[in-house]
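Here is a colleague's note for someone opening this entry for the first time. Please keep the model on screen while reading the points below.

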Amino acid sequence: MIKMLHSGWAYITLIILIFAVVNAIIGLNSKKEFTDKDLRISLFTLIVAHIQLIIGFIAFFVSAQFEYVLDNGMGAAMKEPAIRLFVVEHPLMMILAITLITMGFSKHKKQNTDKGKFKTIALYYGLGLLFVLSRIPWSQWLSF
Ligand code: HEM
């Protein structure tokens, strides 16, 4: 159940994150005013990403990969690329990605100009997106 939720929510997270980055880049390039709509897009993305983080933690503790660590130890898990991906690489990169998104949201509020706000969102959310894209288990995710 949790695995399905984590897998399904990942679509929403990815789509809204791409949308927020594209929206910020368009806003920056067209020198638009940073409106309430832009704030809501950034905030909604932050919330969706945090929900995915929580689901991810639950998915982690009920996963076969975590059970493998409990049974065989961390050393053995690190030697298995398929296990290491879900025990270390994927969670670490996703936590970093969501940290970047959170920093971006908090820093954009301190900017006084529309350009500064769009630029901060584009940069931090954009980096977060790259981190997410780099460690999504694509073949497993899209295999059904
Ligand atoms: C933006 C954040 C995240 C995204 C977009 C994301 C995305 C995904 C995707 C697409 C899968 C493959 C699902 C499938 O096979 O159908 C997956 C699996 C997994 N994720 Fe995440 N994830 C995120 C955060 C996290 C975090 C923070 C953790 C742990 C702390 C985590 C732990 C796991 C685990 C353990 C699996 C494997 C589940 C299994 O095969 O039993 N994820 N994730």
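1. Start where helices α2 and α6 meet: their crossing is left-handed. The model is a predicted one. α2 covers residues 36-61, and α6 covers residues 114-134. Their axes come within 12 Å and cross at roughly 25°. An angle under 35 degrees counts as roughly parallel. The two helices, α2 and α6, are therefore roughly parallel to each other.

2. Which residues of α2 and α6 make the contact? On the α2 side they are D38, S42, T45 and L46. On the α6 side they are F118, I121 and Y125. Sorted by class, this contact of α2 with α6 has four nonpolar residues, two polar ones and one charged one.

3. Now step back to the overall plan. The secondary structure comes to seven helices and zero strands. Along the sequence the pattern reads α-α-α-α-α-α-α. The C-alpha trace spans about 55 × 30 × 20 Å along its principal axes. The protein has 144 residues, and buried residues make up 40% of them. Take the contacts between residues at least 6 apart in sequence: 73% of these join residues at least 24 apart.

4. Helix α6 also packs on α1. Two packed helices are described by the angle between their axes and the distance between the axes. For α1 and α6 the angle is about 145°, and the axes are 8 Å apart. The crossing of α1 with α6 is left-handed. From α1, the contact takes in L14, L17, I18, A20, V21, N23, A24, I25, G27 and L28. From α6, it takes in K115, F118, K119, I121, A122, Y125, G126, G128, L129, V132 and L133. By class, the contact of α1 with α6 has 15 nonpolar, four polar and two charged residues.

5. How do α5 and α6 pack, by angle and by distance between axes? The angle is about 175°, with the axes 8 Å apart. That makes α5 roughly antiparallel to α6. The α5 side of the contact includes M93, M94, L96, A97, L100 and I101. Further along α5, M103, G104, F105, K107, H108 and K109 also take part. They meet K117, T120, I121, Y124, Y125, L127, G128, F131, V132 and S134 in α6. The residues of this contact of α5 with α6 divide into 14 nonpolar, five polar and three charged.

6. Look at one residue of α1 in more detail. N23 is found in this helix. Is N23 buried or exposed? N23 is buried, because its relative accessible area is 12% and buried means under 20%. Leaving out residues up to four places away in sequence, N23 touches K37, D38, I41 and F118. N23 is also part of the contact between α1 and α6.

7. K37 is one of the residues that N23 touches. K37 sits in helix α2. Its relative accessible area is 44%, and K37 is partly exposed. With residues up to four places away in sequence not counted, K37 touches N23 and K32.

8. Check the loop between α1 (2-29) and α2 (36-61), where K31 lies. K31 is not a glycine, yet its phi is positive, at about 50°. K31 is exposed, with a relative accessible area of 75%.

9. Helix α3 spans residues 64-72, and Q65, F66 and V69 in it are buried. Why are these three on the same side of α3? They cover an arc of only 100° around the axis, which puts them there. An α-helix has 3.6 residues a turn, so residues three or four places apart point the same way.

10. After α3 comes G73, whose phi is positive, near 90°.

Terms used
Residues are numbered from 1 along each chain as its sequence is written. This is a predicted model: local features need pLDDT of at least 70, side-chain atom pairs count only at pLDDT 80 or more; totals for chains, interfaces and linings use all residues. Side-chain values use heavy atoms; hydrogens and water are left out. Helices (H or I, at least four residues) and strands (E, at least two) are DSSP runs, numbered from the N terminus. Buried means under 20% relative accessible area, exposed over 50%, partly exposed in between (1.4 Å probe, protein chains only). The arc is that of the directions from the helix axis to the C-beta atoms. Axes are lines fitted to C-alpha atoms, for helices over the stretch in contact, and angles run from 0 to 180 degrees between N-to-C directions. Angles under 35 degrees count as roughly parallel, over 145 as roughly antiparallel, 65 to 115 as roughly perpendicular and the rest as oblique. A crossing is left-handed if the near helix is turned anticlockwise from the far one by less than a right angle, and right-handed if clockwise. Contact means heavy atoms within 4.5 Å. Ala, Val, Leu, Ile, Met, Phe, Trp, Tyr, Cys and Pro count as nonpolar, Asp, Glu, Lys and Arg as charged, and the others, Gly among them, as polar.
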